[in-house]
Amino acid sequence: MDQKISAYQFFILVFMNTLGTAILFIPTHATTYGKENGWITVVFATIFGLLVIAVYNAIFSKEETRSLFVIIDDNFGKWLGSISILFALLFAYFTTFANLWSIGQFVGLHILMGTPPEAIVLLVILTCLVGVRYGIEVIGRASEIFLPFTLISLILLVGLVWPEAQLDNIQPILQTNVAGAFVGIIPVIGITFLELFCLLGVIHRVNNIPQAKKAFFIGGLVAGFCMIIVTFACIAVIGVDGTIRHIYSIYFLGQNISIAEFFERVEGLVAFIWFITIFFKICTNFYFIAIAIKHLGGLKDFRTVTIPIAYFLFVSAVTSLPNIFYDFELMNSTYLVYAILTGFLLPILLLIVKIARKK
Amino acid sequence: MLFPTILLMIVSVIVFYLEYKRIKQKQAKKDNWVFMIFMVLATIFLFVYMCDLPTPDFVAFFEFLFKPIRGPFFTWLIQYQ
């Protein structure tokens, strides 16, 4: 029987997918380009991101029951369609192992100091493998359970650092680094909204497509709002230089929490938010890879390839990226180009062909 | 690395057998073949990594794929940092 998820569960998956990785890297990325206008960069990135989501939504008509892969095949033809799906599949693979690598590095450096990143990556990939093999319905239900904890942690984090905020840090507003603030939109969108392309592989599983489209939009909006608040808090509390200097500036933000010398250093909250969001992001991308291979190979069940994919992901995650500086360069070059091609140009092309074929 | 390598290979064989049996019960011949090919490749991939031999570098592959675009794009982008 086909697994189905509700529009609310899809909304949570959109929220988690946008915030995973982004919550940790966006403040640094946006501030590197926009300096004190970093939070404005995220505001505009959210607006453009919502336009990207509007394009994604336009691919699926109200009565659509076909999956993304079938739509691609129907519009591009068998050969070109298969190449496009392979291209998107490799993007999802790239995203997944880069995320796995990130979590291995972060946990190994800040939380379980001294633990080899390989061990952390292995634990995460095994957990995700179990989730993916249970199917999207279980992932959706699990996301429902974890959403309140994520939101509470996020609200606590931003609320508790508020007394430390200095509004001088965000001034002058749009007086200097204006070009940087606008150019910065591109890398910010690249690691947030363009990665949502993988969720198009799940959207046909939602039991109500019009509601799913609404959930897609609202999920992006809420996640964008959270990113704006977090970036604003980072710049206001630790300043522009501090935000740029710290790779995980939001984690440093958590270390700054000090309420009446009683409630101190609750950076664990950040780690918690990140674990949860990135888990669902990896699961969704992993699921996308599995169903894409299922479609390309004409298989009966996507579970057939999940175990070998987990092996591949594990080895790629521990061998492909040497350090965080290389990762940052990658996020601004190769990965960004790939994200634009897959997350923006491919859907636009698909939409144009779809409209042209209708006429 | 000898002990983890042997351990992982044993785990791989067990997983291979269990999953093979599961797919066989479903009478999906194509699935079985695809699984076997993928699993053999994945196990070789893992074995190569565990033996500290050079594994295929996916990032280098993607960098090669977008070589004409990524260089100029990156140069243009970082001037705004």
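**Exercise 1. Determine whether B:Asp52 is buried or exposed, and describe its backbone.**

Step 1. A residue is buried if 20 or more other C-beta atoms lie within 10 Å of its own, exposed if 12 or fewer, and partly exposed in between, with C-beta atoms placed from the backbone.

Step 2. B:Asp52 counts as exposed because it has 9 C-beta neighbours inside 10 Å.

Step 3. Most residues other than glycine have a negative phi, and most peptide bonds are trans. B:Asp52 is not a glycine, yet its phi is positive, about 60°.

Step 4. B:Asp52 sits in the loop between α2 (29-50) and α3 (58-65) of chain B. Helices (H or I, at least four residues) and strands (E, at least two) are DSSP runs, numbered from the N terminus.

The model is predicted: local features need pLDDT of at least 70, side-chain atom pairs count only at pLDDT 80 or more, and totals for chains, interfaces and linings use all residues. Residues are numbered from 1 along each chain as its sequence is written, while chains are lettered from A and ligands numbered from 1 in the order in which they are written.

**Exercise 2. State which part of chain A touches chain B.**

Step 1. Two residues are in contact if their C-beta atoms, placed from the backbone, lie within 7 Å. By this rule, 30 residues of chain A are in contact with 32 residues of chain B.

Step 2. On the side of chain A that touches chain B, at least two residues each come from α2 (22-34), α8 (178-183), α13 (306-319), α14 (324-332) and α15 (334-358). The most come from α13(A), which gives 7 residues.

Step 3. This side of chain A has 16 nonpolar, 12 polar and 2 charged residues. Here Ala, Val, Leu, Ile, Met, Phe, Trp, Tyr, Cys and Pro count as nonpolar, Asp, Glu, Lys and Arg as charged, and the others, Gly among them, as polar.

**Exercise 3. Describe the packing of α14(A) and α15(A).**

Step 1. Two packed helices are described by the angle between their axes and the distance between the axes. Axes are lines fitted to C-alpha atoms, for helices over the stretch in contact, and angles run from 0 to 180 degrees between N-to-C directions.

Step 2. For α14(A) and α15(A) the angle is about 35°, and the axes are 3 Å apart.

Step 3. A:Leu330, A:Met331 and A:Asn332 of α14(A) make the contact with A:Thr334, A:Tyr335 and A:Leu336 of α15(A). The contact has 4 nonpolar, 2 polar and no charged residues.

**Exercise 4. Summarise the fold of chain A and find the contacts of A:Ile289.**

Step 1. Chain A has 15 helices and 2 strands, and 56% of its 359 residues count as buried.

Step 2. Along the principal axes, its C-alpha atoms fill a box of roughly 60 × 45 × 35 Å.

Step 3. Apart from neighbours within four places in sequence, A:Ile289 is in contact with A:Leu89, A:Ala92, A:Tyr93, A:Thr96 and A:Ile309.
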